[in-house]
Amino acid sequence: MSLGSNGKSTRIWSGATAALLAFGLTALGACAQPAPAPAPAAPPTAAAEQPRAGGQLTFIVGAEPPSFDGHRETTFAMLHPTAPHYSLLLKFDQNKYPAIMGDLAETWSVSQDGLTYTFKLRDGIKFHDGAALTAADVKATYDRIVAPPQGVVSSRQASYAAVLEKVEAPDPKTVVFKLKQPSAALLSNLASPWNFIYKAQALAQEARFPEKNILGTGPFRFGEYVPGSHWTGTKNPDYFQKGRPYLDGFRAVFIREASAQVAAVRGGRAQIEFRGFTPPQREDLVKALGKDITVQESPWVCVLVVSMNTEKKPFNDPKFRRALTLALDRWEGSKALSQIAFVKEVGAVMRPGSPFAMPEQELTKLAGFGKDAAAAKAEARRLIQEAGVPEGFSFALTNRDIPMPYEPVAVFLIDQWGKVGLKVSQAVRESSPYLQDLRGGNYEAALDFNCDFMDEPDLQLIKFLPKEKSPINYGRYSDPVLDDLYTKQSLETNPERRKQLVWQFERRALDEMAYQFPTLWWQRIIPHSSQVRGWRITPSHYLNQDLTDVWLAEK
Amino acid sequence: MRRYIVQRILLTIPTLLGVATIIFVLMRVVPGDIVLLRYAGEGAFVTQETIVQERARLGLDQPLWRQFADWIWGAAQLDFGTSMWTGRPIVSEVALRFELSLQLAVMAVIIAALVAVPLGVLSAIKAGTSVDYLIRVFSILGLALPSFWVGIVLILLLLSVFHWSPPVTFTPLRVDLGENLSQLIWPALVVGYRYSAVATRMTRSAMLEVLREDYIRTARSKGLKESVVMVRHALRNALLPVITVFGLEFAFLLGGLVVTEQVFNLNGIGKLTVEAVVRRDYTMVQALVLLMASVFVLVNFLVDMAYAWLDPRIRFR
């Protein structure tokens, strides 16, 4: 990216360019074959082989941490280098996702009424400065997340404040969470990778201490951080899990450019990048490195969503919005796009394959998710006419200047909408003005996204809540039906009944009202050095980054 | 001469003040919001209260004149404040990257000079011959091929042929010469080639012009050796415009290697500038632009001094 292009805040793609790209995409789809299996070696597990101690893992991070504070930041660029220094109360089991396991907590119990959660902490946990961790540290941490002191930003405060009444530490080994109401998602939320447990004393002295300092109980101690260059950690000999970590240390190198990331893995300068590569990059690495590369893939809890500004005509008309989703042939789109971009699965608001996902039989009943594309397009044309929108109606699709996967998905959308008589141009904006436009309602339709650390309706559905409650509802609508369904599912602790409520919510949001709709779900593709063992891909790049079980096989 | 130097130094004050004002206004005119990008950039559910609170903490809720006055007063005392993105002092963020950018600029200029001056002179001496054509094709290619593309091809070649890629983190020269050069030699070659192309053409045309001058004919008729005529009489005079080119290129290289730095993953000033602009890190962008403007002013000044050294007529004027 050049300075010149940054200076331009908006770039409108000409119809001709979009058409050319769309043609290429359609042609690709027409001759689409299932993507060739990329020499995938199943990720070796510690159980299958004897883990080897020693060595340094070098991994790539595609951006830089703005600060080191997990409670404050929202980017993977903070998590990837800092997570190995910290522990959580609970964490996701990488081998049994979405199962939860204890991290600092050894055991826990839930009261009959579902309002009290009691956790017993492990013995012998020490901060990197030698001080013992107690329940007071966990309490101080969660107090900071739920009710941050003046000057401290807690980005996920809203997720906890609605549910948590208070956190208590009756003795050094016991933490009690008292809830205002039962919560189906509490345990998962306590396994949030952002909720690093900080030292109470450090927080008491300076509430913003974690922004610029690292002091955790995790498997690695802080080494050095050279902004723009790298971050290192060394093995914590006092780590509470005996025999872990296997690695002597790690080195995170900051590489922004995708081609430079691929070159670094190919040239052996780094062993892994934890966010993901594209299918062509995967193919390049597999072709160049053969058995020296292992590929792990997983559906990703991230999706690009079409947001429409319901305060503007004709996007205020559900018929027109429904026509827009009906026009998309997602199943064919998936075949074509999954060869060039990291998108693949067709699904509703909950990730396909996740515990709350709508089964295909139900999914195909939603507008735009059926398999008869011709019939859907005919219906879309009819609805456009019924909404009083003329043939050849044009509007701009606001898009973000991140090429992958925003660009190919936008081209796909423009091509599909062109087939029902709409003329759509793409207005590519830099991330900052893009967000400003979406949040300020200065757009017609936009390619928005939803990305979370776990499959959890409380997180994924929040985008659809009334605009007064959800600052990320860029559709700017308020639907009490959705609000009510959200509350009901959130309180419902019976998984089967909760699932039904979630599906009801999805039908209302995507089919009846078509407020916003997902395009294709992302596919996480991690090609890494075959030396890297003990790391298993999960559906989120925010999870499983503490490197506790990672080890390096001999070359 | 002393008066001239003092005048030039005094002129830098309004120049830099002008630059500071323009960049301050430009950054505020361009749409975007650092706080939104930081908290909503990855789709997190962040409340409007948090956004407002953060904007206030960064001083973005203050009137523009107040923001400008605070910043310019700090800059006048060489206190550029902290980065709005990282909260770290700007001076340390820049200092960290300056060494790499300076070394790369010096290496690229040296490579460009080593290639451009001999080739330019040779091309002029052999004007109209196949040697001249070959050199011109070489220099035109350097102008036509974007440096970042040459960089990508070079990395792919290294990977394909030697199964090797340059280091991805910077090791200072004083720590490990080999490691340092194994990272920086490649971008220096790529950028040096690009700038040698400009300078080769400049040297050639300047030499051709000088070789037609009367004093060259006089020097030859005095019976001076051809090498003496070329080096002492022709080249010395022909170098004046070439030095200007090298000077300005050097200043540009310090902060302008945006794409090349990305391709080779160099932690330099160019990359920092782009990231700061993308994030709307106002304080960082303002400081960097002021730094680059200062470098341009300084280099221009040094080029003028070099002129005076090379051409006595300027000194005595």
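This is a predicted model: local features need pLDDT of at least 70, side-chain atom pairs count only at pLDDT 80 or more; totals for chains, interfaces and linings use all residues.
Residues are numbered from 1 along each chain as its sequence is written, chains are lettered from A and ligands numbered from 1 in the order in which they are written, and side-chain values use heavy atoms, with hydrogens and water left out.

**Exercise 1. The interface**

**Exercise 2. Chain A as a whole**

Task: Describe the secondary structure of chain A, and explain why this chain counts as being as compact as a globular protein of its length.

Solution: Helices (H or I, at least four residues) and strands (E, at least two) are DSSP runs, numbered from the N terminus, and chain A has 19 helices and 19 strands. The radius of gyration is taken over C-alpha atoms, and the globule rule is 2.2 Å times the number of residues to the power 0.38. For the 555 residues of chain A the rule gives 24 Å, and the radius of gyration is 24 Å, close to that value, so the chain is as compact as a globular protein of that length. As a last step, apply the term buried (under 20% relative accessible area, with exposed over 50% and partly exposed in between, using a 1.4 Å probe and protein chains only); 61% of the residues of chain A count as buried.

**Exercise 3. Chain B as a whole**

Task: State how many helices and strands chain B has, and what part of its residues count as buried.

Solution: Chain B has 14 helices and zero strands. Of its 317 residues, 50% count as buried. Its C-alpha atoms fill a box of roughly 85 × 60 × 35 Å, taken along the principal axes. Among contacts in chain B between residues at least 6 apart in sequence, those that join residues at least 24 apart make up 73%.

**Exercise 4. Two residues in one loop**

Task: Locate Asn316(A) and Lys312(A), and list what each of them touches.

Solution: Asn316(A) is found in the loop between strand E13 (293-308) and helix H11 (318-326) of chain A, and Lys312(A) lies in the loop between E13 and H11 as well. Asn316(A) is partly exposed, with a relative accessible area of 38%, and Lys312(A) counts as partly exposed at 30%. Leaving out residues up to four places away in sequence, Asn316(A) touches Thr310(A) and Arg321(A), while Lys312(A) touches Gly441(A), Asn442(A), Tyr443(A) and Glu444(A). To finish, consider distances between C-alpha atoms: Asn316(A) and Gly475(A), 159 residues apart along the chain, are separated by 9.5 Å, whereas Lys312(A) and Gly70(A), 242 residues apart, are separated by 38 Å.

Technical notes:
Contact means heavy atoms within 4.5 Å.
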